[in-house]
Amino acid sequence: MNTDWKKLKQSKDGIPTYDSLIPYILKVLEDGEETTTSTISKKVIQFLKIPDEIRNIKYPKYPNSDGVLINRFSFALSDLFKADSVARPNRGIYQITDSGIALLNEYGDQLNKKILKKQPAYIKYMQEMNERNKLAGLNETDELLEEDDEINPRKKIDELATTLNNEVATELLSKIRNSDPYFFERLVVDLLVAMGYSGENGTAKVTSKSNDGGIDGVINQDPLGTSTVYIQAKRYKETNVVQRNDIQSFYGALAGVNADRGVFITTSKFSKGAMEFAKNQGIVLIDGIQLTDLMIDYQVGVETAKTYKVFKIDSDYFDFE
């Protein structure tokens, strides 16, 4: 592979574009070890012999930031993650995947974003992201912007926070789809408890793995169990749409325990027929996108990364009348 940073595509300030860093990130991860973001950037900078004067260029408006080049590594890693070329075992930790190794072997230092965008995993990721953004009232997005836009700063902060949380939600849904089915059942019970369904003195439990009769979880909203919510949880791939007959089976399970309240949660979607039947029978449906949005809202399986304070003038303080 090329080892001369000067041959890379550069922005007008002479800094390699994030697109040009993509193959070299995979190169330093080629040994399969889990590696921190900072170590990845250091190894690539060393491999390409990028001088300190380039490494230390800052954004004019953000002189205390890590710098433009370091920021571009984050963008490159984000695209590699979307394309399933790297995995993210923990926050700030990356590891090359079989897909990443295959792409590196096939394209070498010619690997770029245009190629990543054609990967099925990238396409699927962006479809889910755009669906979330559409629900949030945002335009479709391909990536976070590197530079400032000439738009209302508060609006930009709101949109950026929504986009970042949507990225977390999309990654969260992928993790859940790859989890153990019994873990998923415990997860949805934890979520409904966090939402307050168990009441002040109620109970919540996952049913036994065998002979559950189509009921995966039970929440008693009061100590006597006079108000009970029954749950069915289906950990499906995004292509496995829940059909009408699945909801009918759940309705039959509810009838078997003389229940009139049920929640059906899946990591995929529901067909039109399934939604129509559920509506007529009073069954609440929660699909994959709603599930992860609720997990973020009620902080189940996620934690706050950082809090920013935005101040405004206290008009009441200056009201002298």
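Helices (H or I, at least four residues) and strands (E, at least two) are DSSP runs, numbered from the N terminus. By that count the protein chain has 12 helices and eight strands. Asn2 lies in the segment before helix 1.

This is a predicted model: local features need pLDDT of at least 70, side-chain atom pairs count only at pLDDT 80 or more, and totals for chains, interfaces and linings use all residues. Residues are numbered from 1 along each chain as its sequence is written, and side-chain values use heavy atoms, with hydrogens and water left out.

**The chain as a whole**

Along its principal axes, the C-alpha trace spans about 70 × 70 × 30 Å. The protein chain exposes about 18700 Å² (Shrake-Rupley method, 1.4 Å probe). Carbon and sulfur atoms supply 48% of that area. Of the 321 residues, 41% are buried. Buried means under 20% relative accessible area, exposed over 50%, and partly exposed in between (1.4 Å probe, protein chains only). Contact means heavy atoms within 4.5 Å. Among contacts between residues at least 6 apart in sequence, 61% join residues at least 24 apart.

Charges come next. Lys and Arg count as positive, Asp and Glu as negative; His and the chain ends are not counted. Each charge is placed at NZ of Lys, CZ of Arg, CG of Asp or CD of Glu. The protein chain has 41 positive and 48 negative side chains. The centres of the two sets lie 3 Å apart.

**The nonpolar cores**

A nonpolar core is a set of buried Ala, Val, Leu, Ile, Met, Phe, Trp, Tyr and Cys residues joined through side-chain atoms within 4.5 Å. The largest one holds 40 residues. Ile25, Leu29, Ile40, Val44, Leu48, Phe73 and Leu116 touch the most other members. Two or more residues each come from helix 1 (18-28), helix 2 (37-48), helix 4 (68-82), strand 3 (93-96), helix 5 (98-107), helix 6 (113-116) and helix 7 (120-135). Helix 4 gives the largest share, nine residues. Apart from this core lies another, of 20 residues, including Ile231, Val263, Ile265 and Val300.

Asn2 is buried, with a relative accessible area of 17%. Asn2 and Glu131 are 129 residues apart in sequence and 39 Å apart in space, C-alpha to C-alpha.

Two strands pair if DSSP finds at least two bridges between them. Three strands form an open sheet in the order 1-3-2, with antiparallel pairing. Strand 1 (35-36) and strand 2 (86-87) are the edge strands, each pairing on one side only. Two bridges join strand 1 to strand 3. Thr36 has Ile93 of strand 3 as its bridge partner. Strand 2 and strand 3 also pair over two bridges. Here Ala87 is partnered by Gln95 of strand 3. The hairpin of strand 2 and strand 3 has five residues between the strands, and its Gly92 takes a positive phi near 75°.
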